[in-house]
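Welcome to this short tour of a protein chain. Take a moment with the sequence and the 3D view, and then read on.

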Amino acid sequence: MCPDALWGEISRGAEASANGEASGLASQKQKQNIDALIEEAQSAIDSFTYDEAMQKLNDVLNSSPDHDKALEMLAGVYIEQLDWSEAQNLLKRCVAVSPDTGYTKYFSLGQLTDGEESVAFYKKGIEILQKELENYENLQPAEETDKKSLMKDLSNAYCSISETYMTDLCFAENSEQHCVGAIELAIQADSSNSEAYQCKANYHLVKEEFDEAKAAMEKSLSLWLPHHEALRDADEAALANDEVNFFL
């Protein structure tokens, strides 16, 4: 290769390398900007300033239209504002972007839909959640809380399915069998979940099995009341501490 040709190859290689580095830096900068907007949007949601949150999330989606976290967060804002239709549209976009990861969008869609469609969304979310739980087989102590939270989400999803078979799908084929099965799975997933026993009580009330309903209700109350009292005591202690600090 002649010197001029060799120099041309070197120049083109250097230019390509520089362009690649510039592109990488730009991509990194964009990701940092998006991460910052997501964090700011979450802070706005936590403080109930939903207009600000919507602005931040729309800024993310203008830059990255398929950002699944922004889509789901924005759907959550619309749910808080009781705009079910727009929330559904965003969640379905989120499903199209990442159909096999993230169970919460499916549970949200389950809440926003009825009948068989609702059950189908819950079942898909449960499938994804169960795969996530497989990663918790060899737990570190610090991860136990995370697993308990996931198990409660799983239990609550089965509760929602059971309630659907007691309402929208009460006349569907084998509805009672599906309802009872979902209640059993809810209790199996998290036997400390008061809502699972509340569902069991509701089922027995529908069947006019009042003794069984009472037993399930008492079990639900025994699980719910200590947790409620602990939260109440913590709130009262925090309020008392704030009052002391105010006068110091």
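Among contacts in the chain between residues at least 6 apart in sequence, what share joins residues at least 24 apart? The share is 49%, where a contact means heavy atoms within 4.5 Å. Please keep in mind that this is a predicted model, in which local features need pLDDT of at least 70 and side-chain atom pairs count only at pLDDT 80 or more, while totals for chains, interfaces and linings use all residues. Residues are numbered from 1 along each chain as its sequence is written, and side-chain values use heavy atoms, with hydrogens and water left out.

**The chain as a whole**
- The chain has 10 helices and zero strands; these are DSSP runs numbered from the N terminus, with helices (H or I) of at least four residues and strands (E) of at least two.
- Read from the N terminus, the order of elements is α-α-α-α-α-α-α-α-α-α.
- The chain holds 248 residues, and 33% of them count as buried; buried means under 20% relative accessible area, exposed over 50% and partly exposed in between, with a 1.4 Å probe and protein chains only.

**Aromatic rings**
- A pair of aromatic rings is described by the distance of the centres and the angle of the planes.
- The chain has four aromatic pairs, counted when rings of Phe, Tyr or Trp (its six-membered ring) have centres within 6.5 Å; planes under 30 degrees apart count as stacked, over 60 as edge-to-face and the rest as tilted.
- Phe48 and Tyr50 form an edge-to-face pair, because their planes stand at 85 degrees, with the ring centres 6.4 Å apart.
- Within this pair, Phe48 is exposed at 59% relative accessible area, whereas Tyr50 is buried at 16%.
- Tyr106 and Phe121 make a tilted pair, 6.5 Å from centre to centre and with 40 degrees between the planes.
- That pair links distant parts of the chain, since Tyr106 belongs to helix H5 (residues 104-112) and Phe121 to helix H6 (residues 115-134), 15 residues apart.
- Tyr106 and Phe121 are both buried.
- Tyr103, Phe107 and Tyr122 are linked by ring pairs into a cluster.

**Two helices side by side**
- Helix H4 (residues 84-97) packs against H5 at an angle of about 145 degrees, and their axes are 10 Å apart; the axes are lines fitted to C-alpha atoms over the stretch in contact, and angles run from 0 to 180 degrees between N-to-C directions.
- Residues of H4 that meet H5 include Trp84, Leu91 and Val95, and among those on the H5 side are Tyr106, Leu109 and Leu112.

**Loops with a positive phi**
- Most residues other than glycine have a negative phi.
- Asn174 has a positive phi of about 60 degrees although it is not a glycine, and Asn174 lies in the loop between helix H7 (144-166) and helix H8 (175-189).
- Asn174 is partly exposed, at 42% relative accessibility.
- Glu208, also not a glycine, has a positive phi of about 60 degrees; the loop that holds Glu208 runs between helix H9 (194-206) and helix H10 (210-247).
- Glu208 is exposed, with a relative accessible area of 59%.
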